Amino acid sequence: MADRDVERNCSPETFVETLRRLADAIERGEAFRIQVAGARFNVPRDAALSIEHEVSGDEEELELQLRWRR
């Protein structure tokens, strides 16, 4: 896969559904399959998990991050 950096906006319902599926997969120790902006991929069960909080001026950002190598 070529370099890519996309962000997908979604409804609160879709966001919650995705978080629930992800949380369930993590609890079961399973890979997680997702599609973002036309690309479908698997997040492996041993992906590194982190929570990031950024502040820049009057904006704040919270990221729940999963990182792995292909």
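This briefing covers the core, the surface patches, the salt bridge and one backbone angle of the structure above.

The model is predicted: local features need pLDDT of at least 70, side-chain atom pairs count only at pLDDT 80 or more, and totals for chains, interfaces and linings use all residues. Residues are numbered from 1 along each chain as its sequence is written, and side-chain values use heavy atoms, with hydrogens and water left out. Helices (H or I, at least four residues) and strands (E, at least two) are DSSP runs, numbered from the N terminus. Buried means under 20% relative accessible area, exposed over 50%, and partly exposed in between (1.4 Å probe, protein chains only).

**Core**
- Leu22, Ala25, Phe32, Ile34, Val36, Val43 and Ala47 make up the largest nonpolar core, with 7 residues. Such a core is a set of buried Ala, Val, Leu, Ile, Met, Phe, Trp, Tyr and Cys residues joined through side-chain atoms within 4.5 Å.
- Helix 1 (12-28) and strand 1 are the elements that give two or more residues to this core. Strand 1 gives the most, with 3 residues.

**Surface patches**
- Patch members have over 30% relative accessible area and no salt bridge; like charges are joined within 9 Å, nonpolar side chains (Val, Leu, Ile, Met, Phe, Trp, Tyr) within 5 Å.
- The nonpolar patch consists of Phe15, Val16, Leu19, Ile51, Leu62 and Leu64, with about 590 Å² of accessible area together. Helix 1 and strand 4 each give two or more residues to the nonpolar patch. Helix 1 gives the most, with 3 residues.
- Leu62 sits in strand 4. Leu62 counts as exposed, at 61% relative accessibility.
- Arg8, Arg21, Arg33 and Arg40 form a positive patch. Arg33 lies in strand 1 (residues 32-36) and is partly exposed, at 42%.
- A negative patch gathers Asp5, Glu7, Glu54, Asp58, Glu59 and Glu61. Asp58 is in the loop between strand 3 (48-56) and strand 4 (59-67). Asp58 counts as exposed, at 78% relative accessibility.

**Salt bridge**
- The whole structure has 1 salt bridge (a side-chain nitrogen of Lys or Arg within 4 Å of a carboxyl oxygen of Asp or Glu).
- Arg28 and Glu30 meet in a salt bridge through their side chains, at 2.9 Å, N to O. Arg28 is exposed, at 51% relative accessibility. Glu30 is partly exposed, at 39%.

**Backbone**
- Ala37 has a phi near 50°, a positive value in a residue other than glycine. Most residues other than glycine have a negative phi.
- Ala37 is in the loop between strand 1 and strand 2 (39-43).

Technical notes: Accessible areas come from the Shrake-Rupley method with a 1.4 Å probe; for residues, only the protein chains shown count as cover. Lys and Arg count as positive and Asp and Glu as negative; His and the chain ends are not counted. The place of a charge is taken as NZ of Lys, CZ of Arg, CG of Asp or CD of Glu.
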